[in-house]
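Please have the sequence and the model at hand.

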Amino acid sequence: MELIPEEGTHNHADSSTLILPALSIGNVGQLAVDLLVASTKAERVGFLDSPYVLPCVGNDAYGPVPQGHLALPLEAYESASNGMALIQQRSPVVKGRMIEFAKKLADYVAASGKKHVIVLSSLDFGRWQRIDMSSGSQMHYLSSSNADGTDDYCEKLGWKRLQDYNPNQRSWKYLNTLADGNAMPEDSLPFEGELEEEEYYYPSLPFAALFSSFKAKGLKVTCILCYCSEGDNTPDAFHLAEAACKLLGVSPSNFHGNTDNWLIPISWKTVYGPPADMSLF
């Protein structure tokens, strides 16, 4: 995977934290990254070239008025004042290529000197079997800090470790082996039809491939996850972006003096299609 620099920009190598989405239900991770890019006024520093991501092109997503700057599938941003780098992914990975994509991305991120990767993603509310609202928070996480996926700071924030994560399950072992690039013993491979079982649901999602691949490169990785359903998922995006800020110890109100905390990307005006033509009524 190669970074193609944006002409006239400077890539700040001192940004040790990277935030990126993992595509899932409601596109909540992508919407949250949109909020962070717009609100921090992050500078686009280049594009990532990957054969594993479907091609797409669009107009400038952040405005405030579209200038005709093309938006591409994988864009790299830097917010030097906030010490963070961001990657926005605008189209899905080619079917069956998620592991290859995650491994190549992890290689690039490790080579660029990043130390902590924050993955923002969503989970299907219909899969949430053991609902626990005792903490008052709906945020879940998965961290490489400990072998069992826990992290002391995330727990202090009131988040719950993903309940269905079990590193000793064959499904997660299988994923970790693929991420490490090792050969899998034949008797450890999942049988035909098993990939449809409940045990394989979470390890089959994009966030899991990213988590395992970043961890395999020795990077600290924290997945912040929220359960949601399809619909208007912008409120979920606000919650996820706010959670990322809490983890980093930054406040949206300090982003370039924004008294309104968040700047809404211009692309959100048509996130659910173009506005209706009221002249027809």
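Two strands count as paired if DSSP finds at least two bridges between them; strands (E, at least two residues) and helices (H or I, at least four residues) are DSSP runs, numbered from the N terminus. This is a predicted model, in which local features need pLDDT of at least 70, side-chain atom pairs count only at pLDDT 80 or more, and totals for chains, interfaces and linings use all residues. Residues are numbered from 1 along each chain as its sequence is written, and side-chain values use heavy atoms, with hydrogens and water left out.

**Sheet**
- The open sheet has 9 strands in the order β1-β3-β4-β5-β2-β6-β9-β7-β8, with mixed pairing.
- At its edges are β1 (2–5) and β8 (160–161), each pairing on one side only.

- An antiparallel pairing over 4 bridges links β1 to β3 (residues 43–49), and Glu2 stands opposite Asp49 in β3.
- β3 is also antiparallel to β4, again over 4 bridges; here Gly46 has Ala76 of β4 as its bridge partner.
- β4 and β5 run antiparallel and are joined by 6 bridges, with Ala76 opposite Ile87 in β5.
- The β4–β5 hairpin has 4 residues between its strands, and Gly83 in the turn has a positive phi of about 65°.

**Burial of β4**
- Because 6 of the 6 residues of β4 are buried, this strand is largely enclosed by the rest of the structure; buried means under 20% relative accessible area (1.4 Å probe, protein chains only).
- Leu74, Ala76 and Glu78 are buried on one side of β4, and Glu75, Tyr77 and Ser79 are buried on the other.

Terms used: Buried < 20%, exposed > 50% of the residue type's maximum accessible area, 1.4 Å probe, protein only.
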